[in-house]
Amino acid sequence: MAEREASESRKQARLAIYELANMISVPMSLNAIVRLNVADAIWQSGSNTPLSASEILARILPSGGDAENLQRILRLLTTYGVFAEHITVDDGGQRKYSLTEIGKTLVTDEDGLSYAPYVLQHHQDALMRAWPLVHEAVVDSTEEPFVKANGEAAYSYYVKDPEMNELMLKAMSGVSVPFMKAVLEGYDGFEGVERLVDVGGSGGDCLRMILGKHPHVREGINFDLPEVVAKAPVIPGVTHVGGDMFKSIPQGDAIFMKWILTTWTDEECKKIMENCYKALPEGGKLIACEPVVPEESDESHRTRALLEGDIFVMTIYRAKGKHRTEDQFRRLALSAGFTRFRSFHFDYFYTLLEFHK
Ligand SMILES: C[S@@+](CC[C@H](N)C(=O)[O-])C[C@H]1O[C@@H](n2cnc3c(N)ncnc32)[C@H](O)[C@@H]1O
């Protein structure tokens, strides 16, 4: 046995299980970095000059803090590509940190947006309470871990708490704007559309960007829960409409949705898609941007990010909501009455799916 444990494969296995067992350090360190606003402190309007933990600390906590502990967090996240570490020989081997491309996603842009609110949104207390209950989704999938932990479904829980509601809106803007920029660079499917409905459009960022690029879309209807649209900003050309997509959806030449179907069960998706079908004219289309998982399981970042998101959905939103394959989406759309299906790949996380009536 001793000999076997000294073999290369056993050493690798022991290392891998330590890494997995301590993995929680990674997202919680990322959350700490966001809470401390480290990315903006390093970025400083684009200078991105490598700074020591003490120098960063002086910017984020002028009244003082523990530089050594900050450095421990920076080192760990360097191994995940969030920071670049620079060890200066002349400064006695001091470690300094700048932002990588990944780290830059946390920097607040000129519109006040970044991926930082998304990180915070995912690590709020109510969501964290659900995580120790993931196994419960296997034992009894009729109630989500989030509901078991908090007594209520996530979306209705968020809208009852003004702070959570606003953080959700900010998180959605932060992640959706860069994605929509990529879509608008390559996608021509909005041609000929005059009235476009965004189902679950949150603050209306996607519509604002689509209308900005395509002036022929004269009317945008941002459709979301009443409490959500009540907090949405005024956007020229966009009417905010509060409602419930399970009851009915406003009419449009085309319907857009991003990150909606994923959080619902197959039966619920079918209902949403049937309501979209009813709201579309003959020849109209539903344009859905959703995370789409590959058929094969592998160790790539893409597959991991998509499968991690799948467990997030199972834990927080719907125990039987899920990240689906293209084929699962195609079959759902057919069951709701759509006849033709196309997919476009402008992003590694979301796939743009067109369902034609
Ligand atoms: C994951 S978010 C996506 C937001 C936005 N489409 C984006 O990608 O930035 C899902 C959205 O669906 C909305 N939603 C949830 N239940 C809904 C319902 N029954 N009717 C309409 N919208 C709903 C939520 O309020 C939320 O804004």
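How many Å separate the centres of domain 1 and domain 2, taken over C-alpha atoms? The answer is 33 Å. Domain 1 covers residues 2–104 and domain 2 covers 116–356; these bounds come from an automatic or database domain assignment.

This is a predicted model: local features need pLDDT of at least 70, side-chain atom pairs count only at pLDDT 80 or more, and totals for chains, interfaces and linings use all residues. Residues are numbered from 1 along each chain as its sequence is written.

Now look at where the domains touch. In domain 1, 5 residues are in contact with 4 residues of domain 2. Contact means that C-beta atoms, placed from the backbone, lie within 7 Å. Helix α3 (residues 25–35) gives the largest share of domain 1's side, with 4 residues. Helices (H or I, at least four residues) and strands (E, at least two) are DSSP runs, numbered from the N terminus.

Next, find the sheet. It is open, with 7 strands in the order β5-β4-β3-β6-β7-β9-β8, and its pairing is mixed. Two strands pair if DSSP finds at least two bridges between them. β5 (238–242) and β8 (340–344) stand at the edges with a single partner strand each, so one side of each has no neighbour in the sheet. Strand β4 (residues 219–224) pairs with β5 in the parallel sense, over 5 bridges. There, Ile221 stands opposite Thr239 in β5.

Finally, turn to the ligand. Around the ligand are 15 residues, of which Met172, Ser176, Gly200, Met245 and Lys258 come nearest. A residue counts as near if its C-beta atom, placed from the backbone, lies within 6 Å.

Terms used:
Contact = placed C-beta atoms within 7 Å.
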